[in-house]
Amino acid sequence: MGKLVVCDHPLIQHKLTFIRDMQTNTKDFRELVDEVATLMAYEITREVPLESIKVQTPVCEAEAKVISGRMLGLIPILRAGLGMLDGVLKLLPAAKVGHVGLFRDPQTLQPVEYYVKLPTDVQERELIVIDPMLATGGSAIAAIDVLKKRGCTQIKMMNLIAAPEGVQAVHEAHPDVDIYVAALDERLDEHGYIVPGLGDAGDRLYGTK
């Protein structure tokens with residue numbers, strides 16, 4: 001079963017408080033989400049393997065560590081996932097980026113794929129699927145399905161906040177996927193919103209209703 005990692009660094013938790021606050025304006029909300037995404041990228045890359053190389057310092061030759069050829073891919077779920085993308089790219093500027101667009105069918109309430117654009121070598125990369133909210137898990141499961149149908153096998157999730165129901169749903173559908181969150185909240189309400197949550201992440205990022 002995939003693991004759930006709560007990134008409890010004090011800076012992440014401090015910034016998340018102001019992300020939750022309904023008084024935080026769009027500009028500050030967007031900047032805070034960007035900053036938390038950068039900090040979370042430290043945690044999600046903690047287990048990237050290293051190898052030793054020789055470098056010449058101003059004093060002598062030394063053995064030093066570099067990342068061991070691991071290629072990464074970032075897959076934001078449109079549209080809210082875009083709000084975290086630049087923050088992760090600050091730390092991982094060489095990562096390639098793909099996009100998965102999903103909307104919820106008003107009749108079935110199931111996610112429907114409307115846009116997929118992925119790097120040509122996506123199957124060779126360790127992928128991080130990015131979305132601020134993991135609520136019911138429907139969009140996350142559908143996005144991972146999209147990737148697996150195209151031959152991807154190394155996949156992680158990154159979310160600002162998650163509900164227990166969403167974590168359980170993703171792990172049941174995709175037990176090989178680890179989930180990294182800044183907070184695991186209490187529950188979903190009757191409308192599928194995370195409680196206490198932060199409202200609609202896309203609306204707060206882009207100033208829409």
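Student: Is Ala-201 buried or exposed?
Tutor: At 4% relative accessibility, Ala-201 counts as buried, because buried means under 20% relative accessible area, exposed over 50% and partly exposed in between, with a 1.4 Å probe and protein chains only. Before we go on: this is a predicted model, where local features need pLDDT of at least 70, side-chain atom pairs count only at pLDDT 80 or more, and totals for chains, interfaces and linings use all residues. Residues are numbered from 1 along each chain as its sequence is written, and side-chain values use heavy atoms, with hydrogens and water left out.

Student: Thanks! Where does Ala-201 lie, and what is it in contact with, leaving aside neighbours within four places in sequence?
Tutor: Ala-201 lies in helix H6; helices (H or I, at least four residues) and strands (E, at least two) are DSSP runs, numbered from the N terminus. Leaving aside neighbours within four places in sequence, Ala-201 is in contact with Phe-29, Ala-80, Pro-132 and Met-133, where contact means heavy atoms within 4.5 Å.

Student: And Asp-200, where does that one lie?
Tutor: Asp-200 lies in the loop between strand S13 (194-195) and helix H6 (201-206). With 31% relative accessibility, Asp-200 counts as partly exposed.

Student: What does the side chain of Asp-200 reach?
Tutor: The backbone nitrogen of Asp-203, at 2.9 Å. Beyond the neighbours within four places in sequence, Asp-200 is in contact with Arg-79 and Tyr-193.

Student: Which residues does the UniProt annotation "binding site" cover?
Tutor: In the unreviewed UniProt entry, that annotation covers Ile-194, Gly-199, Asp-200 and Ala-201. The lining of the largest pocket includes Ile-194, Gly-199, Asp-200 and Ala-201. UniProt positions are given in the numbering used here, feature names are shortened, and annotations may be inferred rather than shown by experiment.

Student: How much space lies in the largest pocket?
Tutor: About 860 Å³. On a 1 Å grid over the protein atoms alone, a pocket is an open set of points where a 1.4 Å probe fits, with protein on both sides within 12 Å along at least five of seven lines, and lining residues have an atom within 4 Å of a point. Grid points are joined across faces, edges and corners, and the volume is the space filled by probe spheres set on the points.

Student: Which lining residues are the closest to its centre?
Tutor: Of the 30 residues that line the largest pocket, those are Arg-104, Asp-131, Ala-135, Ser-139 and Asp-200.

Student: New topic: how many aromatic pairs does the structure hold?
Tutor: One. Phe-103 and Tyr-114 form a tilted pair, 6.3 Å centre to centre with 40 degrees between the planes. Rings of Phe, Tyr and Trp (its six-membered ring) pair if their centres lie within 6.5 Å; planes under 30 degrees apart count as stacked, over 60 as edge-to-face and the rest as tilted.

Student: Are Phe-103 and Tyr-114 buried or partly exposed?
Tutor: Phe-103 is partly exposed, with a relative accessible area of 40%, and Tyr-114 counts as partly exposed at 46%.

Student: Last one: is Arg-125 buried or exposed?
Tutor: Arg-125 is buried, with a relative accessible area of 5%. A polar contact of 3.0 Å joins the side chains of Arg-125 and Asp-121; that term is a pair of N or O atoms within 3.5 Å, where within protein one must be able to donate a hydrogen and the other to accept it, and residues adjacent in sequence count only if both atoms are side-chain atoms.
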